[in-house]
Amino acid sequence: MKKIGVLTSGGDAPGMNAAVRAAVRCGIDKGMEVYGIKRGYEGLLDGEITKMEWHSVGDILQRGGTILRTARSPRFHEDNWIDHGARILGAFGIEGVVVIGGDGSFRGGVELAKRGITVMGVPGTIDNDLGYTDYTIGFDTAVNTILGLITNIRDTSSSHERSTIIEVMGRHCGDLALHSGISGGADVILVPEVECDINEICRRVLEGQATGKGHSLIVMAEGFDMDSSELAKTLEEMTGREARTVVPGYIQRGGSPTEKDRLIATTTAAKAVDLLYDDEDSKAIGVFNGKVVALDLQEALEVKGEFNRDLYELSNVLGKGR
Ligand code: ADP
């Protein structure tokens with residue numbers, strides 16, 4: 001393969017730039033021409049493609065977001081537009097593309113692969129919701145950002161003897177809530193993978209209160225089946241204590257990537273380029289048991305992730321009021 005493209009798609013994640021840098025430099029090092037495709041599939045459809053040089057990706061390793069920009073492309077769900085995208089790549093002589101994004105972006109990649117383009121998926125999403133890989137790029141940074149927020153909120157919650165519900169991102173996946181919650185010492189963690197009714201939440205907060213706990217911290221995943229403001233209202237009524245909701249929103253997506261995210265981004269993107277250079281079929285690159293792995297792109301999308309129930313149970317033990 002002589003010419004390859006790289007794009008970032010879907011929600012941005014810290015570490016995407018590190019992946020772009022590795023893809024560009026490893027490609028050039030192997031003697032290939034590397035093209036940057038702006039604004040994900042949306043930019044592809046509009047032909048926003050430029051040749052990248054070694055120095056085009058200088059000084060970006062440490063930056064959050066993505067220099068290639070990212071987008072959601074409703075057009076790219078339509079067959080005729082996907083055909084158009086494949087034709088555009090053909091016009092540039094691009095035979096393979098490194099797609100850095102989440103499951104939606106990989107599904108778009110599967111469609112391009114059906115049209116003769118080799119696609120290597122690099123997992124870039126803070127949600128950690130791709131079942132075939134232990135980690136996705138951006139997750140570690142987001143967890144640490146949330147952890148900082150929990151630590152700050154703990155100070156004010158305990159001073160005012162409040163209950164605080166922190167609603168974190170993650171879509172249908174509870175990993176961001178679980179990891180930040182257990183590391184931040186949350187009293188209750190609410191995730192979409194485990195049912196927990198309002199009575200149980202109130203009982204656990206009351207048990208803490210009865211043992212003299214000054215405050216309670218509840219970390220709730222956005223995918224949990226409850227409205228956080230409603231939960232705060234019920235908690236106030238049931239516990240007689242002030243309850244507040246904090247929704248950090250996009251703060252969770254920004255910031256300089258951690259060492260872990262930079263390393264995963266760099267090694268998975270380098271692997272994607274190796275596979276393109278070797279003319280392999282389309283694959284999803286990931287991390288499994290600490291090693292970089294590659295699975296068939298379509299099959300990877302079908303792997304269901306396993307929620308870490310043991311970690312969740314441990315958080316329940318540690319959050320008990322006794
Ligand atoms: P993420 O990649 O973070 O999961 P999205 O789900 O928004 O983000 O997907 C990013 C983009 O990928 C979409 O806007 C769309 O252009 C493309 N995409 C998603 N699903 C498909 C699909 N089934 N077929 C073609 N393109 C898709």
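## A ligand and a helix with two partners

An oxygen atom of the ligand sits 2.5 Å from an N or O atom in the side chain of Arg-72. This is a predicted model, so please read every distance here as a computed value.

**Around the ligand**

- The ligand is surrounded by 16 residues, and the closest are Arg-72, Ser-73, Gly-102, Gly-104 and Ser-105.
- Ser-105 also has a polar side-chain atom 2.4 Å from an oxygen atom of the ligand.
- For Asp-103, a polar side-chain atom is found 3.0 Å from an oxygen atom of the ligand.

**Where α5 meets α6**

- On the α5 side, the contact is made by Phe-139, Ala-142, Val-143, Ile-146, Leu-147 and Ile-150.
- On the α6 side, the contact residues are Asp-175, Leu-176, His-179, Ser-180, Gly-181 and Ser-183.
- Sorted by class, this contact has seven nonpolar residues, four polar ones and one charged one.

**Where α6 meets α11**

- Leu-178, His-179 and Ile-182 of α6 make the contact with Leu-311, Tyr-312, Leu-314 and Ser-315 of α11.
- Five of these residues are nonpolar and two are polar, with no charged residues.

Conventions. Residues are numbered from 1 along each chain as its sequence is written. This is a predicted model: local features need pLDDT of at least 70, side-chain atom pairs count only at pLDDT 80 or more; totals for chains, interfaces and linings use all residues. Side-chain values use heavy atoms; hydrogens and water are left out. Contact means heavy atoms within 4.5 Å. Helices (H or I, at least four residues) and strands (E, at least two) are DSSP runs, numbered from the N terminus. Ala, Val, Leu, Ile, Met, Phe, Trp, Tyr, Cys and Pro count as nonpolar, Asp, Glu, Lys and Arg as charged, and the others, Gly among them, as polar. A residue is near a molecule or strand if one of its heavy atoms lies within 4 Å of it. A polar contact is a pair of N or O atoms within 3.5 Å; within protein, one must be able to donate a hydrogen and the other to accept it, and residues adjacent in sequence count only if both atoms are side-chain atoms.
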